Amino acid sequence: MHARKILSSLGLALVFVALAGCRHTPDETRVREAIASVEEAAGQADAGGVVEPLSEDFDGNGGQLERKDIANLVRLAGLRGEHVGATLGPISMERRGERLMADFTVTLTQGSRLLPDAAGVYQVETAWRREGDEWRCYSATWKRQL
């Protein structure tokens, strides 16, 4: 009887471990979700939400923008009551060792006096690394396509 109880407990523990393993979100999915959260935050002029997945040492377009610069642009647009719309295209992912590269297009819509010439389609290349339990974007480059 005691052996049966131990086996039952062990079996139950294995089921819980298996279920926990099934709930683990793949790294690629977590990065896609982070990118989508930035798109949503940008539409709401939420500076904290826009920069939340960026690393502290984030490098934007080869030193043109840092994390704080992006936050300040979003805050300024929000204070002016301006709307900067962002629509993502498909995201392609590539694993490079412990890092992930995510490439996509983003369409910025006009509606801002702050960035009137920024409307258009951009090709974006981002690089992500794990920091603790989170994936953080540490580098992004973008160039206008249209």
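With which residue does Glu 131 form a salt bridge, and how far apart are the closest N and O atoms? Please go on from there to the surroundings.

Analyst: Glu 131 forms a salt bridge with Arg 129, and the closest N and O atoms are 3.0 Å apart. A salt bridge here is a side-chain nitrogen of Lys or Arg within 4 Å of a carboxyl oxygen of Asp or Glu. This is a predicted model, in which local features need pLDDT of at least 70 and side-chain atom pairs count only at pLDDT 80 or more, while totals for chains, interfaces and linings use all residues. Residues are numbered from 1 along each chain as its sequence is written, and side-chain values use heavy atoms, with hydrogens and water left out.

Arg 129 also meets Asp 57 in a salt bridge, at 2.5 Å from N to O. That pair links distant parts of the chain, with Asp 57 in strand β1 (residues 54–60) and Arg 129 in strand β5, 72 residues apart. Helices (H or I, at least four residues) and strands (E, at least two) are DSSP runs, numbered from the N terminus. Arg 129 counts as buried because its relative accessibility is 17%; buried means under 20% relative accessible area, exposed over 50%, and partly exposed in between (1.4 Å probe, protein chains only). Glu 131 is partly exposed at 30%, and Asp 57 is partly exposed at 47%.

Strand β5 (residues 120–131) runs antiparallel to β4, joined by nine bridges; two strands pair if DSSP finds at least two bridges between them. Met 101 stands opposite Ala 127 of β5. Strand β3 (residues 92–96) pairs with β4 as well, in the antiparallel sense and over five bridges. Between β3 and β4 lies a hairpin turn of two residues, where Gly 97 has a positive phi of about 65°.

Arg 95 and Glu 28 meet in a salt bridge of 3.6 Å, N to O. Arg 95 lies in β3 and Glu 28 in helix α2, so the pair ties together parts 67 residues apart in sequence. Arg 95 is partly exposed at 40%, as is Glu 28 at 28%. A network of salt bridges links Asp 27, Glu 28, Arg 95 and Arg 130.

Asp 27 is in helix α2 (residues 27–43) and counts as buried, at 12% relative accessibility. Its side chain makes a polar contact with that of Arg 95 at 3.0 Å. A polar contact is a pair of N or O atoms within 3.5 Å; within protein, one must be able to donate a hydrogen and the other to accept it, and residues adjacent in sequence count only if both atoms are side-chain atoms.
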